[in-house]
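Me: I am new to this structure and would like to know what stands behind the words used for it. Please take the terms one by one.

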Amino acid sequence: MRGVRQLELHRLILALIIFCLLSMAFLAYYVSNSPKIKEAPPLPFSDCGGGGGMSPGGRLRQVKAVDNSRTEPVVLVFVESIYSQLGQEIVAILESSRFHYRTEIAPGKGDMPTLTERNRGRYTLIIYENVLKYVNLDAWNRDLLDKYCAEYGVGVIGFFKANENSLLSAQLKGFPLFLHSHLGLRDYRINPSAPLLYITKPNQVEQGSLPGEDWTIFQSNHSTYEPVLLASTKSSEALAHFGPSPLRTLHATVVQDLGLHDGIQRVLFGNNLNYWLHKLVFVDAIAYLTGKRLCLSLDRHILVDVDDIFVGKEGTRMKVSDVEALLNTQNKLRALVPNFTFNLGFSGKFYHTGIHMQPHLFHNVSVLAEQMRLNKIFAQEHGIPTDMGYAVAPHHSGVYPVHSQLYEAWKSEYPHLRPGYPRGFIHNGIQVLPRQTCGLFTHTIFYNEYPGGSKELDKSIRGGELFLTVLLNPVREPPAMHTRPPI
């Protein structure tokens with residue numbers, strides 16, 4: 001009986017060991033395959049270059065000196081969780097800018113990720129989704145991070161978004177900087193003296209109330225803090241707890257720490273990235289704090305294609321008033337973009353019929369070429385330019401996935417196509433931007449149905465909001481099988 005009991009005990013122990021091993025294997029598999037924070041795939045770097053540069057306003061912007069040889073051109077992003085909205089927006093901008101990055105859950109009292117390797121810094125910039133996680137780090141990790149930033153010339157970007165638990169006023173721990181939260185603001189302005197401005201133009205941007213009542217402003221008497229964006233409070237009582245101040249006093253919602261306090265440069269946001277202007281300043285902050293090692297070029301290429309201009313059926317076609325409105329809008333945009341001209345997308349053969357030819361259904365190259373020839377004749381007869389080096393395939397089919405006959409017909413009828421500005425691919429000697437790979441999809445927006453009305457649309461045009469997608473819209477990598485033209 002004793003032997004039987006020992007055998008059963010041994011079997012039980014063996015079963016427990018097997019169960020533990022299986023559990024560890026399952027856990028390892030789950031951790032390696034579940035959604036998690038991980039390093040982004042490699043992306044090409046910007047060709048913006050280092051050193052100082054001219055701002056859009058013409059003043060020379062001083063960029064801090066950075067020893068690029070001592071750090072890898074990678075951004076370390078500390079997020080609240082893998083599902084946090086602001087964290088995802090930060091990552092989206094980094095990806096659209098083609099900057100290398102790595103995301104980590106912000107440690108409270110846990111271990112800080114390894115910052116150096118073989119006497120080189122692994123990161124050229126630190127971003128905190130919640131700046132409180134940075135200032136409230138335990139003494140060991142905070143000292144470790146600050147020493148790294150000071151020694152390797154690495155800057156920090158932090159965001160503070162007030163919630164129901166945020167104090168109305170508080171001092172940022174360890175800094176001569178005060179935060180005042182839960183404010184409604186109005187009349188947003190850009191400080192033209194802010195050193196980080198590069199893409200952002202130093203002009204008056206937004207008159208009227210800013211969205212939300214959860215804005216945070218920064219106040220300090222220390223010379224290290226330079227305001228970047230400023231606004232007035234909606235009411236004179238908003239800062240009564242801090243002392244009397246005129247209603248139209250400007251308060252900083254984004255500040256730049258010049259590093260005069262502790263040798264580390266920072267940029268702090270008193271809200272998230274929902275407001276469009278913050279996205280521009282965020283990109284500028286990245287460029288400045290990395291010595292323009294990670295930045296975007298000032299060159300922009302904009303093409304607005306008014307598609308199917310002649311295809312509409314009766315009752316849905318453009319009227320004279322529509323054309324006049326289009327010309328009026330074109331003139332407004334020319335005040336921002338010299339010589340801006342809408343491009344007319346048309347299919348001349350199906351004039352007034354409301355249908356499209358689908359190229360992928362035709363396997364005869366001569367038939368496809370004849371359809372293109374007729375379309376070109378239609379354009380020439382009606383004075384529509386055909387020498388702009390740009391064309392789209394009818395019905396957007398056959399471009400990608402590739403329908404070879406379409407490309408053969410394209411080359412014979414449009415031999416000088418060069419739409420190579422955005423990132424696409426080259427097939428059969430033709431540079432292509434397939435909308436399936438760059439996130440462009442049709443969406444109808446009626447002028448009088450724009451949120452807030454046509455006046456809000458006009459304000460968005462003037463402020464640049466409608467062109468923000470040109471700056472920050474992610475362009476996905478094309479298939480590896482194709483060669484890619486340079487940007």
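**Terms and their grounds**

Reply: This is a predicted model. To start with a placement, helix 1 spans residues 2–33, and Ile 17 lies in it.

Me: Why is Ile 17 called partly exposed?

Reply: The relative accessible area of Ile 17 is 45%. Buried needs under 20% and exposed needs over 50%, so Ile 17, at 45%, is partly exposed.

Me: What makes Leu 9, Leu 12, Ile 13, Leu 16, Ile 17, Leu 21 and Met 24 a patch?

Reply: They form a nonpolar patch on the surface, and together they have about 700 Å² of accessible area. Patch residues need over 30% relative accessible area and no salt bridge, with nonpolar side chains joined within 5 Å. Ile 17, with its 45%, is over the 30% cut-off.

Me: How do you know that helix 5 has close to its expected span?

Reply: Helix 5 covers residues 276–289, which is 14 residues, and it reaches 21 Å from its first C-alpha to its last. At 1.5 Å a residue, 20 Å is expected, so the two values are close.

Me: What is the confidence over residues 50–63?

Reply: The protein chain averages a pLDDT of 74, and 64% of the residues score at least 70. Over residues 50–63 the pLDDT is below 50, although this stretch has 35 contacts in the model beyond near neighbours in sequence. Where pLDDT is low, the predicted coordinates should not be read in detail.

Methods: Residues are numbered from 1 along each chain as its sequence is written. This is a predicted model: local features need pLDDT of at least 70, side-chain atom pairs count only at pLDDT 80 or more; totals for chains, interfaces and linings use all residues. Side-chain values use heavy atoms; hydrogens and water are left out. Helices (H or I, at least four residues) and strands (E, at least two) are DSSP runs, numbered from the N terminus. Patches are made of residues with over 30% relative accessible area and no salt bridge: like charges are joined within 9 Å, nonpolar side chains (Val, Leu, Ile, Met, Phe, Trp, Tyr) within 5 Å. Accessible areas come from the Shrake-Rupley method with a 1.4 Å probe; for residues, only the protein chains shown count as cover. A salt bridge is a side-chain nitrogen of Lys or Arg within 4 Å of a carboxyl oxygen of Asp or Glu. Buried means under 20% relative accessible area, exposed over 50%, partly exposed in between (1.4 Å probe, protein chains only). pLDDT is the predictor's confidence in each residue, from 0 to 100. Contact means heavy atoms within 4.5 Å.
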